[in-house]
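Student: I would like to take a close look at a single part of this structure, and I would be glad of one connected explanation.

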Amino acid sequence: MRAGFPDFRLGNVLATSFTGTLSERRGNAVERIPTPHRLIDWLAVNGLAVDSCTTAQLDLARELRESIHAAATAAAIQDALPASAVQVINDCSAQGRAAAILTPGGKRRWRLISASCVEDALSVIAADAISVIAGERDGKLALCASPTCQAAFFDTSQSRTRKWCDMNTCGNRQKKARFHANQRKNPGSAE
């Protein structure tokens, strides 16, 4: 990874991990793909390596990210999907060319038709978003309980009651805040 940038938040679901490239949406927003090279890094980490990326392709990627977030948020709260977000997701899904391949280990990987085509990689992300938002997977879309985050995530826990997009960041921050608030109320309780 290139030095000087915030770490990526990686999850098990490609589409919601992609929306996590902008975190703390309701606080001090953290942009994790501020440059075309950083998008190349994120795609490579997620098995969608491309050779190059233009500023226009980065803009398209961000438009897709925000559209997925808007549609996933609406689905999580059982609201109507925004038509403009649906259009962007569908357009990105249709414009790329990628092939699903089976690895010797029995896993699905994606082969991009052109190693330099960001649009091919974005089509895979858009197709993943369609699968998740359409309810084709075992799990449910939810929103992070952190008031500054509100990230959409895909909950595959057995009870489907997960509260945080990432326990190591948002969940831990909330637990620390509760702990410190309790310490202020009961100063002698930690002894």
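Student: How many aromatic pairs does a search of the whole structure find?

Tutor: Bearing in mind that this is a predicted model, a search of the whole structure finds 1 aromatic pair. Its partners are Phe18 and Trp42, whose rings lie 5.0 Å apart, centre to centre, with 55° between the planes, and the pair is described as tilted. An angle over 60 degrees would be needed for edge-to-face and one under 30 degrees for stacked, so the 55° of this pair falls into the tilted class. Phe18 belongs to helix 1 (residues 14–19) and Trp42 to helix 2 (residues 36–45), so the pair ties together parts that are 24 residues apart in sequence.

The axes of helix 3 (residues 55–76) and helix 5 (residues 118–133) come within 11 Å and cross at roughly 0°, which makes helix 3 roughly parallel to helix 5. Where the two helices meet, helix 3 contributes residues including Leu60, Leu64 and Ile68, while those from helix 5 include Leu122, Ile125 and Ile133. The residues of this contact divide into 13 nonpolar, 1 polar and 1 charged. Helix 3 has 22 residues, which at 1.5 Å a residue should span 32 Å, and this agrees with the 31 Å between its end C-alpha atoms. Just after helix 3, Gln78 takes a positive phi of about 55°.

Key. Residues are numbered from 1 along each chain as its sequence is written. This is a predicted model: local features need pLDDT of at least 70, side-chain atom pairs count only at pLDDT 80 or more; totals for chains, interfaces and linings use all residues. Side-chain values use heavy atoms; hydrogens and water are left out. Rings of Phe, Tyr and Trp (its six-membered ring) pair if their centres lie within 6.5 Å; planes under 30 degrees apart count as stacked, over 60 as edge-to-face and the rest as tilted. Helices (H or I, at least four residues) and strands (E, at least two) are DSSP runs, numbered from the N terminus. Axes are lines fitted to C-alpha atoms, for helices over the stretch in contact, and angles run from 0 to 180 degrees between N-to-C directions. Angles under 35 degrees count as roughly parallel, over 145 as roughly antiparallel, 65 to 115 as roughly perpendicular and the rest as oblique. Contact means heavy atoms within 4.5 Å. Ala, Val, Leu, Ile, Met, Phe, Trp, Tyr, Cys and Pro count as nonpolar, Asp, Glu, Lys and Arg as charged, and the others, Gly among them, as polar. The expected span of a helix is 1.5 Å times one less than its number of residues.
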